[in-house]
Amino acid sequence: MSALQSQSQPLVKVRDLNVAFVSKEATLHAVNGVDFDLAPKETLCILGESGSGKSVTLRSLMRLHPPRRTRITGTIQVDGTDIVAASERELSSIRGRLVSMIFQEPMTALDPVFTIGKQITETIRRHEGVSHQEAQRRALDLLELVQIPSARQRLDAYPHELSGGLRQRAMIAVALSVRPKLLLADEPTTALDATVQIQVLLLLKRIQAELGMGVIFVTHDLGVAGEIADRIAVMYAGRFIEEAPAEALLEAPEHPYVEGLLGATVTPASRGRRLTAIPGSPPNLRTLPVGCAFAPRCTSAEPNCRAAVPDLRALAPDRTVRCIHPAGLRPSMPPAMAFAAEERAP
Amino acid sequence: MTDPLPAPLAESPLQPLPDVGGPAQALLSVSGLTKTFAGRGKLFGGRAGAVQAVSAVSFDVRKGETLGIVGESGCGKSTASKLIMGLLEPTAGEIVFDGEALGRDAAGLRRYRRQVQMVFQDSFSSLNPRLTIEESIAFPPMVHGMARKAAIGIARDMLAAVGLQPAQYATRFPHELSGGQRQRVNIARALALRPRLVVLDEPVSALDKSVEAQVLNLLMDLKAEFGLTYIFISHDLNVVQYISDRVLVMYLGRVVELGAAEAIFAGAAHPYTSALLASRPSVAGRSREAPPLVGDPPSPVNPPSGCAFHPRCVFSEAVCATTRPALLPVAVPDRQAEHLAACLINQPGSGHSRAPKAA
Ligand SMILES: Nc1ncnc2c1ncn2[C@@H]1O[C@H](COP(=O)(O)OP(=O)(O)O)[C@@H](O)[C@H]1O
Ligand SMILES: Nc1ncnc2c1ncn2[C@@H]1O[C@H](COP(=O)(O)OP(=O)(O)O)[C@@H](O)[C@H]1O
Ligand code: SF4
Ligand SMILES: [Mg+2]
Ligand SMILES: [Mg+2]
């Protein structure tokens, strides 16, 4: 646990979360035993490749899965409320009060037939029962907070009248209108151009600090995680396989998959070098291997890795890894180099 | 491209067409390339208007090089690539391939299309879902007159070349493959005609990082093995920096900077390029507070006057709103002559206060 967390009660507490989607043909194990805490005012990034279970984990915190086909077990507490056990009524109160979510595609969250101003004022009035005038004033404040230029005129704009970057800001304003303690962000900058993405990332960082929200930010982009995260948790096949303070993780990853991912990511320093691609592809979530899900692709794997899922080990008070041979405890060649050697072999 | 293509192919299809102009001759030379789309208006708030997607774009692609093209979405990268491919008719401008102007006669186009192939971002929609992988790859050679059996043979060779075991993959269908495997198939199909130039439009943008690395390594290997020349289009600056020999930066349909990758990434001459480079998310950026640029890219329906970048540029002065900077050699002594930028700051006597004094 981080220093922040030991000082206060966690805002989010997740223990042994499992989420499976059941259909006639198969059961898909999307999340397989996830544990984590989020301190108030902390930003945790969940980093992983597509299909690793990031969005499912995030949506579980608001229980947004199709109820009939989804099997959720484990504990999820948000600000003391048990999300797994909550009734539908309690859930909708939490969704409108405590927790907000933003998405990659802003039209997921915006209603195309109402103006931005109307959407924000309605949310505020429903939620706080203030006068129309007061709600209007707050809506204007929110558009200014998310740095929408000419905010007063933009209150009367429909979502389709805004550019991509402004629409993303409008969605953030709508999400903030309930004064959430927890903001869930599912790749909110992935579809944006580079010069706009960095604006939105810095905006989120500033708002997070100003409003003192906890943020869980899902991304597949190491650089984005590096910009915004206090801590990073890396997901693979539905598990958190490594969790650490952002800088520590990006500087010296412990899990062979995270090492591989860093080696495979093209950075300014990559020029002139061959990239160290990870061989193979992630496992099928319908038929997960018994042991470590990365073992089939891992150069450090040994029989024990395949026998059972490795325990989560604490390497430092604020660092955990789910691997029998983390880099720091490995005497021989680090796997990133082993991948490179293997690839170069004729 | 004066002699018509004999059908069936006279040359063995695994032999690329010969180098006509010699190594010093640019493989592709584009000048004044322009594309205007008639307004489609109504979709965007009822406002009709023509879109100048590509405006007076000129550049060379040298034999054996990788030319990277970067820029934000909507700046005209894909339109430029479709013009180069002959998939769109240019409004103005000329395309010269290995010394010969690209005409509109069928034989010339056919011969050109054999030498210039394309790979798109979307690995799925560019493959026919009802054809097996080997049939998809064999299709272009068959269109160019090769017998089915020989074409299937080539398809299997190409599958092996892109790292997919023919015995395991040849008879599968696109939906039975992962995104990375499908992109390998698209690359194999593009190479089946032994082209000399391959235009890659965001070829790795839809792939996960670990797969992206595999495909980038593959592209480097194939380039060496088959002696290819690449135009590599991407919005990802890190990938462009990694793969390109030279880099072309586009903004709102125009070339704003062109030069050696090393020179541009070490010291961009155009303020837009600098801002684009500084916008890359990175761990090192954690301490930053202000974004390099504010605002969204402008709409090509209603482009700003003068320098199209002036409303977002931190160095903008009155002259920038009235004078459109030409693409000219960078006037800094330690820069190579082949570094071009379209910014008044780099142009002596332009009237910008930061410009060097006119000679
Ligand atoms: N409602 C659902 N029903 C069935 N499968 C689902 C559902 N939502 C997600 N999945 C599957 O769960 C896995 C993890 O998905 P997701 O969490 O969306 O991945 P990502 O890490 O890309 O966000 C994927 O295989 C996905 O197809
Ligand atoms: N077929 C078309 N009709 C009308 N406008 C188009 C068409 N194709 C592209 N455009 C417009 O041309 C501009 C450049 O688009 P494009 O070349 O796809 O950019 P990029 O590939 O750099 O994202 C955009 O404003 C786009 O909306
Ligand atoms: S010409 Fe003026 S506005 Fe354009 S990039 Fe140069 S300084 Fe900026
Ligand atoms: Mg997702
Ligand atoms: Mg494009």
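**Entry 1: the shell around ligand 1**

I sorted the shell around ligand 1 by class and got six nonpolar, five polar and four charged residues. For my sorting, Ala, Val, Leu, Ile, Met, Phe, Trp, Tyr, Cys and Pro count as nonpolar, Asp, Glu, Lys and Arg as charged, and the others, Gly among them, as polar. I note here that this is a predicted model, in which local features need pLDDT of at least 70 and side-chain atom pairs count only at pLDDT 80 or more, while totals for chains, interfaces and linings use all residues. Residues are numbered from 1 along each chain as its sequence is written, chains are lettered from A and ligands numbered from 1 in the order in which they are written, and side-chain values use heavy atoms, with hydrogens and water left out.

Next I listed the neighbours: 15 residues surround ligand 1, where near means that a heavy atom of the residue lies within 4 Å of the molecule or strand. The closest of them are A:Gly51, A:Gly53, A:Lys54, A:Ser55 and A:Val56.

Which elements supply the shell around ligand 1 with at least two residues each? I found β2 (27–38) and α2 (54–60) of chain A. The largest share, four residues, comes from α2(A). Helices (H or I, at least four residues) and strands (E, at least two) are DSSP runs, numbered from the N terminus.

**Entry 2: polar contacts of ligand 1**

I then looked for polar contacts, meaning pairs of N or O atoms within 3.5 Å; within protein, one atom must be able to donate a hydrogen and the other to accept it, and residues adjacent in sequence count only if both atoms are side-chain atoms. A:Lys54 brings a polar side-chain atom to 2.9 Å from an oxygen atom of ligand 1. A:Val56 uses a backbone N or O atom, 2.8 Å from a ligand 1 oxygen. A:Ser52 also uses a backbone N or O atom, at 3.2 Å from an oxygen atom of ligand 1. On its own ligand 1 has 560 Å² of accessible area, and the protein covers 70% of that. These areas come from the Shrake-Rupley method with a 1.4 Å probe; for residues, only the protein chains shown count as cover.

**Entry 3: ligand 2, over in chain B**

I repeated the search for ligand 2. There are 13 residues around ligand 2, and B:Gly74, B:Gly76, B:Lys77, B:Ser78 and B:Thr79 come nearest. The class count here is five nonpolar, five polar and three charged residues. In chain B, β2 (51–61) and α1 (77–84) each supply at least two residues of this shell, and α1(B) gives the most, with three.

Which part of B:Lys77 lies 2.9 Å from an oxygen atom of ligand 2? I found a polar backbone atom there. B:Gly76 has a backbone N or O atom 3.1 Å from an oxygen atom of ligand 2, and a polar backbone atom of B:Cys75 is 3.3 Å from one. For ligand 2, the protein covers 70% of the 560 Å² of accessible area that the ligand has on its own.

**Entry 4: chain A as a whole**

I counted 13 helices and twelve strands in chain A. Its radius of gyration is 21 Å, close to the 20 Å that the globule rule gives for 346 residues, so chain A is as compact as a globular protein of that length. The radius is taken over C-alpha atoms, and the rule is 2.2 Å times the number of residues to the power 0.38. The C-alpha trace spans about 70 × 50 × 45 Å along its principal axes.

Of the 346 residues of chain A, 52% count as buried. Buried means under 20% relative accessible area, exposed over 50%, and partly exposed in between (1.4 Å probe, protein chains only).

I also noted the domain assignment of chain A, domain 1 (106–179) and domain 2 (253–340), with bounds from an automatic or database domain assignment. Their C-alpha centres lie 44 Å apart.

A:Ser300 counts as buried because its relative accessibility is 16%.

**Entry 5: chain B as a whole**

Chain B comes to eleven helices and twelve strands. Buried residues make up 53% of chain B.

Last, I checked B:Arg254, in strand β10 (residues 254–260). Its relative accessibility is 24%, so B:Arg254 counts as partly exposed. B:Arg254 and B:Ser58 are 196 residues apart along the chain, yet their C-alpha atoms are separated by 9.1 Å.
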